[in-house]
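This report is meant for someone meeting the structure for the first time.

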Amino acid sequence: MAFGAKGSKGESFLAVVVGGGAAFGLVVLTSRAWKACQVDVTGSVPNGLTLLFLGVPIALIVNLVLFNVVFRYAGKAFLFSLIAAAVAITIADLALFSWQGTPATAPGTCPGNVPPWWPTWIPT
């Protein structure tokens, strides 16, 4: 059985590596955006704890489920399935960042809580 075969241990390993890496990247991106805009989302609880106990599990679950679904049903070619899963995770993580990374209800110093370093061609 090949490493990237559908339903194998290799697929599970890839899901954890790709999904976990993307979840970590999303949490780091959100943390940097909140620091740049001085966003305080939870009041008395530090933002880091919110990201650790709420952001990481949500991002990890979304990424792992999405990777498994897209990787299994994207086709028979390993590379195509891997690229399709990575693109799907990127889109989902950008949607999560738009939803919680730039919260409209939390006060911040940036307009719309979008940091100045965020590219204007990527919608939030």
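Helices here are DSSP runs of H or I that hold at least four residues, and they are numbered from the N terminus. The coordinates are those of a predicted model, and the values below were computed from it.

**Helices and aromatic rings**

With that definition in hand, helix 2 covers residues 47-73, and it contains both Phe67 and Phe71, which stand four residues apart, or about one turn of the helix. Both of these phenylalanines are buried.

In the structure there are four aromatic pairs. One of them joins Phe67 to Phe71: the ring centres are 5.2 Å apart and the planes meet at 10 degrees, so the pair is stacked. These two rings also belong to a cluster, in which ring pairs link Phe67, Phe71 and Phe78. Another arrangement is seen for Trp117 and Trp118, whose ring centres are 6.2 Å apart and whose planes stand at 65 degrees, so this pair is edge-to-face. The two tryptophans can also be described by their accessibility: Trp117 is partly exposed, with a relative accessible area of 41%, whereas Trp118, at 10%, counts as buried.

The crossing of helix 1 with helix 2 is right-handed. Sorted by class, the residues in this contact are 16 nonpolar, eight polar and two charged.

**The disulfide**

A disulfide is a covalent bond between the sulfur atoms of two cysteines. When the whole structure is searched, one disulfide is found, and it is formed by Cys37 and Cys110, with their sulfur atoms 2.2 Å apart. The torsion about the S-S bond is -100 degrees, and the link of Cys37 and Cys110 is left-handed. Which parts of the chain does this pair tie together? Cys37 lies in helix 1, while Cys110 lies in the segment after helix 3, so the pair ties together parts that are 73 residues apart in sequence. Both Cys37 and Cys110 are buried.

**Residues of helix 3**

Helix 3 runs over residues 78-101, and Ser81 is found in it. Ser81 is buried, with a relative accessible area of 0%, and a polar atom of the Ser81 side chain lies 3.0 Å from the backbone oxygen of Ala77.

Asp93 also has its place in helix 3, and with a relative accessible area of 9% Asp93 is buried. Gln100 is likewise found in helix 3, but at 39% relative accessibility Gln100 counts as partly exposed.

Most residues other than glycine have a negative phi.

Are Gln38 and Asn113 buried or exposed? Gln38, found in the loop between helix 1 and helix 2, counts as exposed at 55% relative accessibility. Asn113, whose place is in the segment after helix 3, is buried, with a relative accessible area of 3%. A polar atom of the Asn113 side chain also lies 2.4 Å from the backbone oxygen of Pro103.

Notes: Residues are numbered from 1 along each chain as its sequence is written. This is a predicted model: local features need pLDDT of at least 70, side-chain atom pairs count only at pLDDT 80 or more; totals for chains, interfaces and linings use all residues. Side-chain values use heavy atoms; hydrogens and water are left out. Rings of Phe, Tyr and Trp (its six-membered ring) pair if their centres lie within 6.5 Å; planes under 30 degrees apart count as stacked, over 60 as edge-to-face and the rest as tilted. Helices (H or I, at least four residues) and strands (E, at least two) are DSSP runs, numbered from the N terminus. Buried means under 20% relative accessible area, exposed over 50%, partly exposed in between (1.4 Å probe, protein chains only). A polar contact is a pair of N or O atoms within 3.5 Å; within protein, one must be able to donate a hydrogen and the other to accept it, and residues adjacent in sequence count only if both atoms are side-chain atoms. A crossing is left-handed if the near helix is turned anticlockwise from the far one by less than a right angle, and right-handed if clockwise. Ala, Val, Leu, Ile, Met, Phe, Trp, Tyr, Cys and Pro count as nonpolar, Asp, Glu, Lys and Arg as charged, and the others, Gly among them, as polar. A disulfide is a pair of cysteine sulfur atoms within 2.5 Å.
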